[in-house]
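Thanks for coming. Please have the sequence and the model open while I talk.

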Amino acid sequence: LAIGTHTLKVQATDTSTPGNINFVTVTVRVDPVELRKQALQFLTTYNTFGYFSGVRRWASFPITIEVSNEIVQDGHLAFYQEAANFWTKYTGITFSVIPSVESSVDPMTGKYGVVFFEYGTPFPASNIASTWTNVDSNFAHIASIVTITNGYGDNKTLIAHEIGHSLGIWAEVNDGTITDHYATWRMNSVTAEAMRILYFELSPGAPIPGS
């Protein structure tokens, strides 16, 4: 939810009377101070954890997303644009989604400056997809390679989840939304605010305010 007061209609089922469904109206207020506090904690937990001291992100945008020839030939390019649009809608981060001139690359040797999606065997192999991201000494992203098991190249929720990793969310978030290990086509307001802070207030390597 955006900052402000919202009226929500919630469906409630009376288990004592089968088929009896009621709707309850509740009021929810999203406090900007508390939202920012939670967003900064999100960045501390999911962007700067471990031995990293500064925030990690792409140095500028629009961020280029290249989709491999195999995925494009399967007719799936539109799903990558839809997944990118999902992030733009909630965070304002913009993307350029284009077909790749290469069908497969070694992420250690090339494809710098883009988020590159390709078919292959994710790591670990039990995953359906995985994202590998390299950063420079200033914590700026210089390469993100997303490997997807063949057969899942049209799963827009999976694609959007992996885009989240490439943006700087370096672990799954247990919140039942797009960042969850079991991702759904929903965005947590804390996640959205965290990414807006990351990309519109901070530079790669910058400390998190208040930390």
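This is a predicted model: local features need pLDDT of at least 70, side-chain atom pairs count only at pLDDT 80 or more; totals for chains, interfaces and linings use all residues.

Let me start with a pair of strands. Strand 3 and strand 4, the latter covering residues 95–99, run parallel and are joined by five bridges. Two strands count as paired if DSSP finds at least two bridges between them.

Residues are numbered from 1 along each chain as its sequence is written, and side-chain values use heavy atoms, with hydrogens and water left out.

Back to strand 3. Strand 5 also runs parallel to strand 3, with three bridges joining them, and there Glu66 stands opposite Phe116 of strand 5. Why is strand 3 largely enclosed by the rest of the structure? Because four of its five residues are buried, where buried means under 20% relative accessible area, exposed over 50%, and partly exposed in between, using a 1.4 Å probe and protein chains only.

Next, Ser144, which lies in strand 7. Ser144 is buried, at a relative accessible area of 0%. Which residues does Ser144 contact, leaving aside neighbours within four places in sequence? They are Trp58, Val114, Val115, Phe116, Trp132, Thr133 and Ser166; contact means heavy atoms within 4.5 Å. With Thr133 there is also a side-chain to side-chain polar contact at 2.8 Å. A polar contact is a pair of N or O atoms within 3.5 Å; within protein, one must be able to donate a hydrogen and the other to accept it, and residues adjacent in sequence count only if both atoms are side-chain atoms. Ser144 and Ile65 are 79 residues apart along the chain, and their C-alpha atoms are separated by 9.3 Å.

Last, some backbone details in the loops. Phe61 and Pro62 are joined by a cis peptide bond with omega about 15°, and Pro62 sits in the loop between helix 1 (32–46) and strand 3 (63–67). The bond from Phe123 to Pro124 is cis too, with omega near -5°; Pro124 is in the loop between strand 5 (115–119) and strand 6 (129–135). Phe139 is not a glycine, yet has a positive phi of about 70°. Its place is the loop between strand 6 and strand 7 (141–148), and Phe139 is buried, at 17% relative accessible area.

Notes. Helices (H or I, at least four residues) and strands (E, at least two) are DSSP runs, numbered from the N terminus.
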